[in-house]
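Please walk me through this protein fold. Start with what counts as a contact, then take the strands in turn.

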Amino acid sequence: MPRSFRENAAEAMQDAQLGRNLRKATHTIRGKRARVVEELPDWAELREAGRAVKDHTLRHLDRYLLQLEEAVTRAGGHVHWAADADEANRIVTELVRATGESDVVKVKSMVTQEIGLNEHLAAHGITAYETDLAELIVQLGDDWPSHILVPAIHRNRTEIREIFRDRMAAWGRPAPEGLSDEPAALAEAARLHLRERFLSSKVAISGANFMIAETGTMVVVESEGNGRMCLTLPETLISVVGIEKVLPTWRDLEVFLQLLPRSSTGERMNPYTSMWTGATEGQRFHLVLLDNGRTGVLADEVGRQALRCIRCSACLNVCPVYERAGGHAYGSVYPGPIGAILTPQLRGMGSELDNSLPYASSLCGACLEVCPVAIDIPEVLVELRARARHPRSERMAMRAAGWLLADQARLSRAQRLAVRLRRLIPRRLPGPASAWTDTRDLPEIPEESFRDWWERS
């Protein structure tokens with residue numbers, strides 16, 4: 001059974017190198033974001049527009065998904081509906097098998113990591129090659145993503161050089177002899193390694209940042225150009241996309257192409273924005289629309305705002321908890337504040353890990369301030385904490401507190417008794433309650449209660 005977030009975080013905080021890597025990367029991205037956001041006098045209006053478009057879409061999601069299916073089909077594509085991870089994995093595996101190929105290239109897609117697609121393909125004799133640089137590092141290192149935007153943020157360039165040198169040959173073209181840890185050298189090694197794979201692969205799998213219901217257009221934004229190679233060269237393209245990624249009209253995209261790059265990479269626009277509609281230039285196109293718990297989230301009046309998320313990672317870069325614990329502590333492809341509210345809703349709160357995720361926050365509100373679509377993450381965290389399982393001792397303590405606070409006479413007697421015994425009350429609570437006083441001081445009990453002082457005055 002997976003450990004709780006608290007246990008994972010405690011272990012991660014012992015890794016000094018991880019802490020240095022996270023601080024440097026998150027502070028750099030945070031500073032760049034702040035500068036480019038300040039350039040826009042209408043940022044608040046753009047943010048409100050993004051929130052409004054997303055909320056409207058979610059209210060009418062059934063209508064826009066059917067419109068999207070019709071548009072994609074009309075443009076020569078094929079649409080498949082997947083209720084859960086198992087169905088999505090089965091559909092994609094069958095589509096790849098139908099081509100006769102045993103290798104596929106992938107452009108960065110969090111949703112395929114959510115459903116464990118790579119592992120499912122491998123179990124059926126199909127190898128998936130990641131082509132995003134950070135995802136490539138994670139794959140070669142037999143690792144797990146730790147950030148939404150920069151999955152290998154927990155690695156420094158020396159570690160990356162070692163991974164390339166030791167592991168590249170097992171996946172294709174080996175790293176050059178004498179590879180240094182200079183960024184340009186590492187990028188060139190990855191480019192040579194990936195170019196060979198692009199030119200030989202006939203099947204590609206992608207995600208999408210947005211889907212336009214009006215035209216059936218898929219949109220992928222990225223910074224390296226590897227995504228474009230992956231999207232255009234193969235003969236068959238399979239896109240696996242969460243149903244919440246749809247936008248009603250082409251015009252709505254304008255808002256998000258301003259919000260996303262500034263909030264994610266701190267750039268005014270993405271270096272590569274790829275768009276395609278249906279089957280193009282003879283390429284076979286399949287769209288797999290994934291639910292996997294999303295309609296359940298949609299039914300929740302408070303929690304549904306998590307589906308507005310455009311995966312920018314701004315909330316991770318300002319979160320004091322994420323900066324210290326890192327992404328692996330969250331035990332999900334969605335780390336940080338957004339993961340703390342999205343993962344328990346998608347997976348349920350049955351495991352110790354998922355039950356603990358709503359507590360992976362100080363409730364400081366920094367995530368809400370930077371979210372480009374105004375997701376009130378603290379509000380959802382508090383709501384999920386109310387639904388979480390609590391220890392029997394805590395439940396009994398809350399019932400006792402409720403009984404005491406419900407009656408004025410009982411409360412007054414308890415206050416007077418506490419005053420008399422105040423010198424006997426320990427600074428650290430015993431038993432399970434000690435976890436609370438490990439990080440907090442018990443408030444001192446005054447010599448006289450406010451109620452007694454008021455009556456005397």
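A polar contact here is a pair of N or O atoms within 3.5 Å; within protein, one atom must be able to donate a hydrogen and the other to accept it. The model is a predicted one.

Begin with Asn21. This residue sits in helix 2, which spans residues 16-38. The Asn21 side chain makes a polar contact with the side chain of Gln17, at 2.8 Å. Leaving aside residues up to four places away in sequence, Asn21 touches Ile153, His154, Arg155, Asn156 and Glu159. Buried means under 20% relative accessible area. Asn21 has 10% relative accessibility, so it counts as buried.

His78 has His286 in strand 10 as its bridge partner. Strand 10 also pairs with strand 7, again in the parallel sense, over 7 bridges. Here Ile238 stands opposite His286. How enclosed is strand 10 (residues 284-290)? Of its 7 residues, 6 are buried, so strand 10 is largely enclosed by the rest of the structure.

Next comes strand 4. Strand 4 (residues 203-206) and strand 7 (residues 236-242) pair in the parallel sense over 4 bridges. Ser206 faces Ser239 of strand 7 in this pairing.

Other strands pair in the antiparallel sense. Strand 5 (residues 210-212) pairs this way with strand 6 over 3 bridges. The two form a hairpin with 4 residues between them. In the turn, Gly216 has a positive phi of about 80 degrees. Met211 has Met218 in strand 6 as its bridge partner. On to strand 9 (residues 272-277): 6 bridges join it to strand 6, and the two run antiparallel. Met218 stands opposite Trp276 of strand 9.

Finally, look at the side chains of strand 6. In a regular strand the side chains alternate between the two faces of the sheet. Thr217, Val219 and Val221 point one way from strand 6, while Met218, Val220 and Glu222 point the other way. All of these are buried. With 6 of its 6 residues buried, strand 6 (residues 217-222) is therefore largely enclosed by the rest of the structure.

Technical notes:
Residues numbered from 1 in each chain as written. Predicted model: local features only at pLDDT ≥ 70, side-chain atom pairs only at ≥ 80, totals over all residues. Heavy atoms only, no water. Pairing = 2+ DSSP bridges. Buried < 20%, exposed > 50% of the residue type's maximum accessible area, 1.4 Å probe, protein only. Contact = heavy atoms within 4.5 Å.
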